[in-house]
Amino acid sequence: MQTLYDSDTYSVTHMLANAEADGKTALGVIKTVQYPSGVPTMARHGFEIVDKRSGKEVYLDGSWAELFQQHIMAWQVNTPTQEEVEDTLEQYAELAQNPVVVH
């Protein structure tokens with residue numbers, strides 16, 4: 001997990017659900033002739049966006065994560081203002097239904 005953004009209003013964390021501690025993709029338990037060490041598992045990642053004002057969070061995975069990843073890549077090309085980032089995060093935060101729970 002890696003914190004990508006943290007402000008007074010929002011926090012964004014990139015989660016690598018099936019990554020090894022060294023950052024490599026985990027191998028599955030099924031071994032084949034083609035994959036003697038184990039069949040690679042499908043990369044699964046997502047983004048947790050926490051709205052600190054409401055105390056709610058949303059986890060984006062699948063196509064939502066891919067869409068959000070496109071925003072991040074665009075931000076790397078054209079550095080946005082903090083206001084632009086916050087406006088984009090506000091749109092995603094509208095999906096937030098889950099209260100933030102610390103384990």
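Predicted model: local features only at pLDDT ≥ 70, side-chain atom pairs only at ≥ 80, totals over all residues.
Residues are numbered from 1 along each chain as its sequence is written, and side-chain values use heavy atoms, with hydrogens and water left out.

Visitor: How many aromatic pairs are there?

Guide: Rings of Phe, Tyr and Trp (its six-membered ring) pair if their centres lie within 6.5 Å, with planes under 30 degrees apart counted as stacked, over 60 as edge-to-face and the rest as tilted. By this rule, the number of aromatic pairs is four.

Visitor: Why is the pair of Trp64 and Tyr92 classed as it is?

Guide: The ring centres of Trp64 and Tyr92 lie 6.3 Å apart and the planes stand at 80°, so this pair is edge-to-face. The pair joins distant parts of the chain, with Trp64 in helix 1 (residues 63-77) and Tyr92 in helix 2 (residues 82-93), 28 residues apart; helices here are DSSP runs (H or I, at least four residues) and strands likewise (E, at least two), numbered from the N terminus. The class asked for is therefore edge-to-face.

Visitor: Is Tyr92 buried or exposed?

Guide: Buried means under 20% relative accessible area, exposed over 50%, and partly exposed in between (1.4 Å probe, protein chains only). Trp64, at 43% relative accessibility, counts as partly exposed. Tyr92 has a relative accessible area of 5%, so Tyr92 is buried.

Visitor: Which residues do ring pairs link into a cluster?

Guide: Phe68 and Trp75 form an edge-to-face pair, at 6.3 Å centre to centre and 90° between the planes, and Phe68 is buried, with a relative accessible area of 0%. The cluster linked by ring pairs consists of Phe47, Trp64, Phe68, Trp75 and Tyr92.

Visitor: Which residue meets Lys52 in a salt bridge?

Guide: A salt bridge is a side-chain nitrogen of Lys or Arg within 4 Å of a carboxyl oxygen of Asp or Glu, and the count comes to two. For Lys52 the N to O distance is 2.4 Å, and its partner lies 46 residues apart from it, in strand 1 (residues 2-6), whereas Lys52 sits in the loop between strand 3 (45-51) and strand 4 (56-61). The partner is Asp6.

Visitor: Is Asp51 buried or exposed?

Guide: Asp51 forms a salt bridge with Arg53, the closest N and O atoms being 3.1 Å apart. Arg53 is exposed, with a relative accessible area of 53%. For Asp51 the relative accessible area is 7%, so Asp51 is buried.
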